[in-house]
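Dear colleague,

I am handing over the structure we spoke about, and I would be glad if you kept it open while you read the notes that follow it.

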Amino acid sequence: MKIAELFSRKTVFSYEVFPPKPSSPVDTIYNTLNELKDLSPDFISVTYGASGGKNNQETFKIASVIKSYGIESVAHLPCIGLTKSDVDEKLSELKKIGVENILALRGDIPQEGYVPGDFKYASELIEYIREHGDFDITAACYPEGHTESASKVADIQNLKKKVDCGANHLITQLFFDNDYFYSFKERCELAGINVPIEAGIMPVTNKKQIERMSSLCGATVPKKFAAMMEKYENNPTAMRDAGIAYATDQIVDLISQGVDGIHLYTMNNPYIARKIYEAVHNLI
Ligand code: FAD
């Protein structure tokens, strides 16, 4: 099934997982999926490392296992460094394994440099997929603006291009202050971006990880979030529980204000996903 169909029926609740590092046992992801499948996922998406690497081969395999559980899956596909023939190959592989949904991305530019491929921006990949296959296409968006963008206006214009090229659903970068999401939604409406937008929520599990993530993606750390990390940084259980409470609070507010969907960045941690699901499932 193509996931765009879901949004007219309900508030979508989805999860994101990543393939385990080659150094980790591959079974960990299957244990995670086994637990997530009991948390009524509308779909589960699987990330794909743009800079290459062995665990990329796992992305499509994991997406296909998710399908075998009777759950819709979305395969992420960053185009940086890919040629058209690489993409043709990946599209036919996805078709063969029955994955109908793609999160089409550019990918982060590797610091060590890379060999440019046939696609400069995600919009070019989206257009190519639209012309060369029957896939539902999702794209990424940034409530606080993408880190490379000259301005929020330019960012929205580029986002509109992705939608005009064929993205029929968007998922946001993580954010810790819902007001950024609400003003982003207003900018989208003004720009005529009318596709469903899922809010990407990442529960904090440890201070270092969140500091790294937010400096990479430019997410603002609100005062009360910083205070929480400061207080519990040396108490992992308290940090985990506070992180679950903070993310739950964000989600309750988003659902109350009519969000199209919640995309939970699970960090492959089914305990946290379960706690959040249990707290909010009656609201969805
Ligand atoms: P684009 O939409 O191409 O935008 C990149 C930059 O170029 C932006 O600043 C944009 O404003 C600008 N731009 C776009 N079009 C134009 C144009 N025509 N002219 C001038 N400027 C333009 N990365 C991975 O490697 N693997 C993953 O699995 C992955 N999953 C993600 C999932 C989500 C939900 C999100 C939000 C991000 C994910 N990322 C992933 C990270 C993503 O690859 C990076 O944020 C990347 O830097 C931008 O990707 P994009 O698809 O948004 O790029």
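How many residues surround the ligand, and which are the closest? In this model, which is predicted rather than determined by experiment, 25 residues surround the ligand, and the closest of them are Tyr-48, Asp-108, Tyr-142, His-146 and Lys-162. Sorted by class, this shell is made up of 11 nonpolar, 8 polar and 6 charged residues.

Some of the contacts can be given atom by atom. Tyr-48 places a backbone N or O atom 2.6 Å from a nitrogen atom of the ligand, while a backbone N or O atom of Ala-122 lies 2.8 Å from an oxygen atom of the ligand. On its own the ligand has 980 Å² of accessible area, and the protein covers 85% of that.

Which elements supply the shell around the ligand? At least two residues each come from strand S3 (73-78), S4, H5 and S6, and H5 gives the largest share, with 4 residues.

Turning to the fold, the strands S1-S2-S3-S4-S5-S6-S7-S8 form, in that order, a closed barrel of 8 strands with parallel pairing, and the twist from one strand to the next averages 25 degrees. As background, strands of a sheet pair through backbone hydrogen bonds, and they may do so in a parallel or an antiparallel way.

Helix H5 (residues 152-165), which supplies 4 residues of the ligand shell, lies across S5 and strand S6 (170-172) and runs at about 175 degrees to S5. Helix H6 (residues 178-190) lies across S5, S6 and strand S7 (197-201), and its direction is at about 155 degrees to S7.

With best regards

Conventions
Residues are numbered from 1 along each chain as its sequence is written. This is a predicted model: local features need pLDDT of at least 70, side-chain atom pairs count only at pLDDT 80 or more; totals for chains, interfaces and linings use all residues. Side-chain values use heavy atoms; hydrogens and water are left out. Two strands pair if DSSP finds at least two bridges between them. Axes are lines fitted to C-alpha atoms, for helices over the stretch in contact, and angles run from 0 to 180 degrees between N-to-C directions. Contact means heavy atoms within 4.5 Å. A residue is near a molecule or strand if one of its heavy atoms lies within 4 Å of it. A polar contact is a pair of N or O atoms within 3.5 Å; within protein, one must be able to donate a hydrogen and the other to accept it, and residues adjacent in sequence count only if both atoms are side-chain atoms. Accessible areas come from the Shrake-Rupley method with a 1.4 Å probe; for residues, only the protein chains shown count as cover. Ala, Val, Leu, Ile, Met, Phe, Trp, Tyr, Cys and Pro count as nonpolar, Asp, Glu, Lys and Arg as charged, and the others, Gly among them, as polar.
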